Amino acid sequence: MQAASLRYLELNSYFHGEQAGKSFPVTISQLTEVWHCTPRYVKQIVHHLSDTGWIEWRAGQGRGNRSELTLLQGLEDVLLREVKQRMEQGQVQESMDLMNRYGMESVKNRFMEWLSEGMGFSTKAVSDRLQDTLRLPVYRKIYTLDPGRVYYAFDFHLAGQLFNTLVKYDRDNRQVMPCIAHSWENSLDGLLWTFHLKKGVMFHHGRELNAEDVLFSLNRIRLQPDLFEAAWMLQDIQHMEAADHKTVNIRLRQPNHLLLRFLCTVPTSILPVELAAGDRAEFWVKPSGTGPFQLAQLNEGICVLEAFDAHFQGRPHLDRVEVLIFPDTETGRLKEPDWASVMSSQGDAGLTRLDSRSYEEGSDWCREESMFACSSLLVFNQWKQGPQHDPRFRQALHQIIDRQQLIAELGEDRMYPARGFRPRPNHLQDERNKAETEETCLSEQEIRDLLMASSYNGETFHLSVNMFHQEDAVWIAEHLEPFGIHVRITMEDQVHFGQNGQPAYDGRLFGATLETDEVGELEVYLQKNYFLTAYDEDMAGHVKKTAAAVFLEPDRHRRSEMLRGLEKRIRQDHLILFLAHKKSSTAFHKSIRGVSINEYGWLDFHKIWIQPS
């Protein structure tokens, strides 16, 4: 039926000026142009469409005589029926392509209204039991579900639904809690850690997790730093062994007071050794983890998660989660609830929370807004020759980019000018923070003098940006142009390193997401896909030395001071320009309980439940 629908849509589109129900002359030759096929195949299509009752066909009698064709179905009805059917089958991309190719604004609106009605929570009988389903749209692609390779916040979030780690981090209490490991201890010298694994932790494919899975998963990351950016977290591990099938010993080269915290992160998730060994591509088509949800379907248009009944921490309340993946051009077309504003921070979030939860008057919907430690950043590439090596050029760009104006003109989820990683709006800043971050604004002439004194000679500045920050990049380019700085913007979803191991851009604009503690900051400082290209030789040595000292420092407040000093130096040298902090906004119905936003700025699916009417 889908083939017939497509043929009819092509036919109707070609003869778009003809009225339904009114015959008009046509030749077989014309129809070969419509369907790009032979006359023989055209006749087969015509007979098929006639049998379905969509057209009426009267063949011309004799050579050269035209036939008569009548379109019996309206294009909108056929199109709407077809895209609905494809959407229900999970063919989101194909459905949207068809609608955009053949649909006028009126039918697009009807389609989006139908889609909106199907979003959110529903309960229906499936195989004699009630099934609670959450269906939500996102406007970003899923790049990978491999916890060792995730980069974007949404991928982190989904991997966290499928996999578990040895231990987990309680952000509210700043404590490491049991997860796959029910207990652990370390030696007095801090070099030997022993983890005791829970019994009955099952993978989705039905096997019980054991110590060999833990050894494989951690070694997979730490022994392949060229493949896995997070290998630095496990760099102090000297050796690991399984004392028995439920006990893992980890020996360190030197004490590392953040080891436990690192073992809470998604990249250290535990995989089944017999399926994941060798990084076979087929495993990642439908990966098996121990998480609260298992993957039921994944393609470029939909991701379906189903509750894992045997999850060791308890089955989720939700039975099914359907994530529909739309092109970003469709943002804002869905009706109430305002799903376009759900996770409006685009998942670029890590919690420094200033929550406000408010119910809209006269509405069954409420909204939770959270301020996150998410900042948009402009990172200069010191690995490539160019004007960005000159501190005067970097300072000039810092002065030209008016953060307040950028936020006022672009709005949306941009909240405060960023003076560092973590949001410190004026009413929350202490005097020391203000003194550290505030700078004297230069006049336009002083900025031009800086550029004249710098090594900038009118070269085109190559700015790399992902889709989430394209508006910011265009805004920056427009404001640099009056100062004679020409910008070429390149859209890149991920950083690409050339044959020489170096990226081609002069500057890169993206968003950095931080955890509530120091792990997020260490990540952006130490991973190649974040800040590593911003360091010259001297700065790289300073970062490495500071990180080593942080690992050895047992006091959390002292570690924070060390990292604050590192951020201060990067800010003063303008190696990185902090631009704007963002918020996340989530709309949900009053009947929904357990709503919380996790560290990636997304709804925690495991905790949600629906209160019966």
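Lys84 belongs to helix α4, which covers residues 75-88. Between Lys84 and Phe111 there are 27 residues along the chain, yet their C-alpha atoms are separated by 7.8 Å. With a relative accessible area of 27%, Lys84 is partly exposed. These values are computed from a predicted model.

Once neighbours within four places in sequence are set aside, its contacts are Thr546, Ala549, Val550 and Glu553. The C-alpha atoms of Met562 and Thr546 lie 7.0 Å apart, and the two residues are 16 apart in sequence.

The chain as a whole gives the setting for these two residues. Its secondary structure comes to 19 helices and 23 strands. Of its 613 residues, 52% count as buried. Among contacts between residues at least 6 apart in sequence, 69% join residues at least 24 apart.

How confident is the prediction? The average pLDDT of the chain is 84, and 83% of the residues score at least 70. Over residues 338-359, however, the pLDDT is below 50, although this stretch has 89 contacts in the model beyond near neighbours in sequence. Residues 427-432 also stay under 50, and for them the model has eight contacts beyond four places in sequence. Where pLDDT is low, the predicted coordinates should not be read in detail.

The aromatic residues come next. A pair of aromatic rings is described by the distance of the centres and the angle of the planes. The count comes to 20 aromatic pairs. One of them joins Trp193 and Phe195: the ring centres are 6.4 Å apart and the planes stand at 15 degrees, so the pair is stacked, as planes under 30 degrees apart are. Trp193 is buried at 9% relative accessibility, and Phe195 is buried at 0%.

Trp232 and Phe262 form an edge-to-face pair, with 5.2 Å from centre to centre and 75 degrees between the planes. Trp232 lies in the loop between α8 (211-222) and β10 (237-244), while Phe262 is in helix α9 (residues 259-262), so the pair ties together parts that are 30 residues apart in sequence. Both Trp232 and Phe262 are buried. Elsewhere, ring pairs link Tyr143, Tyr151, Tyr152 and Phe468 into a cluster.

Arg261 lies over the face of Tyr169, at 3.9 Å from the ring centre. The charged end of Arg508 is placed over the ring of Phe510, at 4.1 Å from its centre.

Open space in the structure is the next topic. Rolling a probe the size of a water molecule over the atoms shows where empty space is left. The second largest pocket has a volume of about 990 Å³. Its lining is made up of 40 residues, and those nearest its centre are Pro225, Phe228, Glu229, Gln527 and Lys528. Helices α17 (519-526) and α18 (537-552) each supply at least two residues of this lining. The most comes from α18, with six residues.

Helix α17 is mostly covered, with seven of its eight residues buried. The buried residues are Val519, Gly520, Glu521, Leu522, Glu523, Val524 and Tyr525.

His36 has a phi near 55 degrees, a positive value in a residue other than glycine. Its place is the loop between α2 (28-35) and α3 (39-52). The relative accessible area of His36 is 71%, so this residue is exposed. Arg174 is not a glycine either, and has a positive phi of about 55 degrees. Arg174 lies in the loop between β6 (167-170) and β7 (175-178). At 38% relative accessibility, Arg174 counts as partly exposed.

Note on methods:
Residues are numbered from 1 along each chain as its sequence is written. This is a predicted model: local features need pLDDT of at least 70, side-chain atom pairs count only at pLDDT 80 or more; totals for chains, interfaces and linings use all residues. Side-chain values use heavy atoms; hydrogens and water are left out. Rings of Phe, Tyr and Trp (its six-membered ring) pair if their centres lie within 6.5 Å; planes under 30 degrees apart count as stacked, over 60 as edge-to-face and the rest as tilted. Buried means under 20% relative accessible area, exposed over 50%, partly exposed in between (1.4 Å probe, protein chains only). Helices (H or I, at least four residues) and strands (E, at least two) are DSSP runs, numbered from the N terminus. A charge sits over a ring if NZ of Lys or CZ of Arg is within 6 Å of the ring centre and within 35 degrees of the ring normal. pLDDT is the predictor's confidence in each residue, from 0 to 100. Contact means heavy atoms within 4.5 Å. On a 1 Å grid over the protein atoms alone, a cavity is a set of points where a 1.4 Å probe fits but cannot get out, and a pocket is an open set with protein on both sides within 12 Å along at least five of seven lines; lining residues have an atom within 4 Å of a point. Grid points are joined across faces, edges and corners, and a volume is the space filled by probe spheres set on the points.
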